[in-house]
Amino acid sequence: QLQLVESGGGLVQPGGSLRLSCAASRFTLDIYAIGWFRQAPGKEREGVSCINSSDGSTYYANSVKGRFTISRDNAKNTVYLQMNSLKPEDTAVYYCAAKPVQAMCVPEDFRSWGQGTQVTVSS
(Lines give C-alpha, C1' and ligand atoms only; values in the text may rest on other atoms or scores of the structure.)
Protein backbone atom coordinates (compact mmCIF):
# COMPACT_ATOMS: atom_id res chain seq x y z
CA GLN A 1 0.00 0.00 0.00
CA LEU A 2 1.01 3.59 -0.52
CA GLN A 3 2.83 5.00 2.51
CA LEU A 4 2.98 8.72 3.26
CA VAL A 5 5.07 10.58 5.84
CA GLU A 6 4.58 14.27 6.62
CA SER A 7 7.27 16.55 8.00
CA GLY A 8 8.07 20.24 8.36
CA GLY A 9 5.61 21.26 11.03
CA GLY A 10 6.55 23.29 14.05
CA LEU A 11 6.02 26.50 15.97
CA VAL A 12 5.99 29.74 14.00
CA GLN A 13 4.98 33.32 14.73
CA PRO A 14 2.03 34.94 12.95
CA GLY A 15 3.09 36.15 9.54
CA GLY A 16 5.78 33.51 9.27
CA SER A 17 6.18 30.66 6.81
CA LEU A 18 6.53 26.89 6.85
CA ARG A 19 6.92 24.29 4.14
CA LEU A 20 5.34 20.93 4.79
CA SER A 21 6.62 17.85 2.99
CA CYS A 22 4.85 14.60 2.19
CA ALA A 23 7.18 11.79 1.17
CA ALA A 24 5.80 8.65 -0.45
CA SER A 25 7.09 5.10 -0.71
CA ARG A 26 6.16 2.02 -2.74
CA PHE A 27 4.37 4.02 -5.43
CA THR A 28 5.05 7.18 -7.38
CA LEU A 29 2.93 10.12 -6.35
CA ASP A 30 2.65 11.48 -9.88
CA ILE A 31 -0.18 9.04 -10.60
CA TYR A 32 -2.13 10.13 -7.54
CA ALA A 33 -4.28 13.03 -6.62
CA ILE A 34 -2.69 14.55 -3.51
CA GLY A 35 -4.47 16.43 -0.78
CA TRP A 36 -3.44 18.40 2.26
CA PHE A 37 -5.91 18.42 5.12
CA ARG A 38 -5.89 19.83 8.61
CA GLN A 39 -7.71 19.21 11.85
CA ALA A 40 -7.80 21.47 14.88
CA PRO A 41 -9.01 20.29 18.30
CA GLY A 42 -12.79 20.08 18.39
CA LYS A 43 -13.12 20.64 14.65
CA GLU A 44 -13.70 18.38 11.69
CA ARG A 45 -10.90 17.56 9.31
CA GLU A 46 -11.01 19.96 6.37
CA GLY A 47 -9.48 20.13 2.95
CA VAL A 48 -6.73 22.74 2.63
CA SER A 49 -5.32 22.13 -0.84
CA CYS A 50 -5.45 19.35 -3.43
CA ILE A 51 -3.93 18.65 -6.82
CA ASN A 52 -5.06 16.10 -9.40
CA SER A 53 -2.64 14.03 -11.45
CA SER A 54 -4.86 13.86 -14.54
CA ASP A 55 -4.86 17.55 -15.45
CA GLY A 56 -2.87 19.21 -12.67
CA SER A 57 -5.86 21.18 -11.51
CA THR A 58 -5.64 22.53 -7.98
CA TYR A 59 -7.99 23.42 -5.20
CA TYR A 60 -7.46 25.78 -2.29
CA ALA A 61 -9.76 26.42 0.60
CA ASN A 62 -10.93 30.01 0.70
CA SER A 63 -9.25 30.47 4.06
CA VAL A 64 -5.78 29.78 2.60
CA LYS A 65 -6.15 31.02 -0.97
CA GLY A 66 -3.31 33.34 -1.89
CA ARG A 67 -1.21 32.22 1.08
CA PHE A 68 -0.63 28.48 0.53
CA THR A 69 0.78 26.70 -2.52
CA ILE A 70 0.74 22.99 -3.30
CA SER A 71 3.46 21.50 -5.51
CA ARG A 72 5.17 18.25 -6.54
CA ASP A 73 8.76 17.16 -6.90
CA ASN A 74 8.44 13.93 -8.86
CA ALA A 75 12.18 13.22 -8.70
CA LYS A 76 11.95 13.08 -4.90
CA ASN A 77 8.49 11.48 -4.90
CA THR A 78 7.41 14.28 -2.57
CA VAL A 79 4.63 16.83 -2.43
CA TYR A 80 4.86 20.13 -0.60
CA LEU A 81 2.60 22.67 0.98
CA GLN A 82 4.23 26.09 1.16
CA MET A 83 2.46 28.12 3.81
CA ASN A 84 3.05 31.87 3.95
CA SER A 85 1.52 34.65 6.02
CA LEU A 86 0.50 32.16 8.65
CA LYS A 87 -2.28 33.02 11.06
CA PRO A 88 -3.20 31.59 14.47
CA GLU A 89 -6.28 30.12 12.81
CA ASP A 90 -3.96 27.89 10.75
CA THR A 91 -2.95 26.00 13.89
CA ALA A 92 -3.80 22.33 13.39
CA VAL A 93 -2.43 18.91 12.66
CA TYR A 94 -1.77 18.76 8.93
CA TYR A 95 -2.15 15.52 6.97
CA CYS A 96 -1.35 14.55 3.43
CA ALA A 97 -3.42 11.97 1.62
CA ALA A 98 -3.59 10.28 -1.77
CA LYS A 99 -6.11 8.78 -4.15
CA PRO A 100 -5.42 7.41 -7.66
CA VAL A 101 -5.58 9.98 -10.45
CA GLN A 102 -8.34 12.31 -9.34
CA ALA A 103 -10.21 13.25 -6.20
CA MET A 104 -12.54 15.71 -4.64
CA CYS A 105 -10.77 17.72 -1.96
CA VAL A 106 -12.72 16.26 0.93
CA PRO A 107 -11.40 13.80 3.53
CA GLU A 108 -14.03 11.20 2.67
CA ASP A 109 -12.62 10.83 -0.84
CA PHE A 110 -9.15 9.73 0.33
CA ARG A 111 -7.97 6.38 1.66
CA SER A 112 -4.17 6.63 2.06
CA TRP A 113 -3.06 8.97 4.85
CA GLY A 114 0.11 10.10 6.54
CA GLN A 115 0.50 10.35 10.31
CA GLY A 116 0.17 14.13 10.48
CA THR A 117 2.47 16.96 11.50
CA GLN A 118 1.65 19.68 14.03
CA VAL A 119 1.62 23.31 12.94
CA THR A 120 1.28 25.91 15.69
CA VAL A 121 1.06 29.62 14.87
CA SER A 122 1.47 31.70 18.00
CA SER A 123 3.34 34.65 19.46
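A disulfide is taken here as a pair of cysteine sulfur atoms within 2.5 Å. In this predicted model, Cys 50 and Cys 105 make such a pair, with an S to S distance of 2.0 Å. The torsion about their S-S bond comes out at about 75°, so this disulfide is right-handed. The link reaches across distant parts of the chain: Cys 50 sits in strand S5 (residues 46–51), while Cys 105 belongs to the loop between S9 and strand S10 (112–113), 55 residues apart. Neither end is out in the open. Cys 50 has 5% relative accessibility and counts as buried, and Cys 105, with a relative accessible area of 15%, is buried too; the cut-off for that label is under 20%.

A search of the whole structure turns up 2 disulfides. The other one joins Cys 22 to Cys 96, again with the sulfur atoms 2.0 Å apart. Here the torsion about the S-S bond is about 65°, so this bridge is right-handed as well. Cys 22 comes from strand S3 (residues 18–25) and Cys 96 from strand S9 (residues 92–100), so the bond ties together parts that are 74 residues apart in sequence. Relative accessibility is 0% for Cys 22, which is therefore buried, and Cys 96 is likewise buried at 0%. With the bonded cysteines numbered in sequence order, the pairing reads 1-3, 2-4.

Then there is the packing of nonpolar side chains. The largest nonpolar core has 29 residues, and those with the most contacts inside it are Leu 4, Trp 36, Phe 68, Leu 81, Met 83 and Tyr 94. At least two residues of this core come from each of S3, S4, S5, strand S7 (68–73), strand S8 (78–83), S9 and strand S11 (117–121). Take Leu 81: setting aside neighbours within four places in sequence, this residue is in contact with Leu 18, Arg 19, Leu 20, Trp 36, Val 48, Ser 49, Phe 68, Thr 69, Ile 70 and Tyr 94.

The C-alpha atoms of Lys 43 and Ala 92 are separated by 9.6 Å, although the two residues are 49 residues apart along the chain.

Key
Residues are numbered from 1 along each chain as its sequence is written. This is a predicted model: local features need pLDDT of at least 70, side-chain atom pairs count only at pLDDT 80 or more; totals for chains, interfaces and linings use all residues. Side-chain values use heavy atoms; hydrogens and water are left out. Helices (H or I, at least four residues) and strands (E, at least two) are DSSP runs, numbered from the N terminus. Buried means under 20% relative accessible area, exposed over 50%, partly exposed in between (1.4 Å probe, protein chains only). A nonpolar core is a set of buried Ala, Val, Leu, Ile, Met, Phe, Trp, Tyr and Cys residues joined through side-chain atoms within 4.5 Å. Contact means heavy atoms within 4.5 Å.
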